[in-house]
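Here are my notes on this model, meant to be read with the picture open. Have a look at the fold, then go through the points one by one.

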Amino acid sequence: MAGHTENEITIAAPVALVWDMTNDLESWPQLFSEYAAVEVLSRQGDTVTFRLTMHPDENGKVWSWVSERITDRDSLTVRARRVEPGPFEYMNIRWEYEETPDGTRMRWTQDFAMKPDAPVDDAGMTDIINTNSPIQMALIRDRIEQAADERRTTPVTSA
């Protein structure tokens, strides 16, 4: 049995801002609370390969892995997968963005399977993701909405 999660949030900001901020990988340590570092390894067109490093967990272990993201601005989607899966057999994530009357709906769909020797099974990882994703999405929402507010209230100056 593989794992599958779907989480979404609406962000009161234009889709262009949400897209730009959530696809600026180098800023992820300021956007997410769980990431300590991002190192971009390569960029080829719309494909980016990068290393994510998390803050130490409750046992002091630092998790790090290489992922690949392929952005499609026209369809407002991103496909991502772990290149170095670590405890996962595989991990695929689809990001979808949709303009709504209230702003931008951002949805994360994750499909994965855990290795037999992983510290948790598929059901356990499903619970972890479904607990953590709403927390991270709320942080992202708050940070993007703050940026949107600052853009609305910052006067434009001419040279």
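Predicted model: local features only at pLDDT ≥ 70, side-chain atom pairs only at ≥ 80, totals over all residues.

**Notes on the fold**

1. Start in the middle: the largest nonpolar core has 27 residues, and Trp28, Tyr97 and Met106 touch the most other members. A nonpolar core here is a set of buried Ala, Val, Leu, Ile, Met, Phe, Trp, Tyr and Cys residues joined through side-chain atoms within 4.5 Å. Buried means under 20% relative accessible area, with a 1.4 Å probe and protein chains only. At least two core residues each come from strand 1, helix 1, helix 2, strand 2 (35–44), strand 3 (47–54), strand 6, strand 7 and helix 3. There's also a second, separate core of 7 residues, including Phe112, Met114, Met125 and Ile129.

2. Residues are numbered from 1 along each chain as its sequence is written, and side-chain values use heavy atoms, leaving out hydrogens and water.

3. What does Trp28 touch, not counting residues up to four places away in sequence? Its contacts (heavy atoms within 4.5 Å) are Thr22, Tyr35, Val38, Phe50, Leu52, Arg69 and Trp95.

4. Now the sheet. Its 7 strands form an open sheet with antiparallel pairing, in the order 1-7-6-5-4-3-2. Strands are DSSP runs of E, at least two residues long, and helices are runs of H or I, at least four, numbered from the N terminus. Two strands pair if DSSP finds at least two bridges between them. Strand 1 and strand 2 are the edges, each pairing on one side only. Strand 6 and strand 7 share 12 bridges, and Glu96 stands opposite Arg107 in strand 7.

5. Helix 3 deserves a look too. At 1.5 Å a residue, its 32 residues (122–153) should span 46 Å, and its end C-alpha atoms are 46 Å apart, which agrees. That expected span is 1.5 Å times one less than the number of residues. Among its buried residues are Asp122, Met125, Ile129 and Ser133. The cover over the buried residues of helix 3 includes strand 1 (3–11), helix 1 (15–22) and strand 7 (103–114).

6. Last one: why does Gln136 count as buried? Because its relative accessibility is 2%. Gln136 lies in helix 3 and touches Phe32, Ser33, Glu34 and Trp108, not counting residues up to four places away in sequence.

Technical notes:
Buried < 20%, exposed > 50% of the residue type's maximum accessible area, 1.4 Å probe, protein only.
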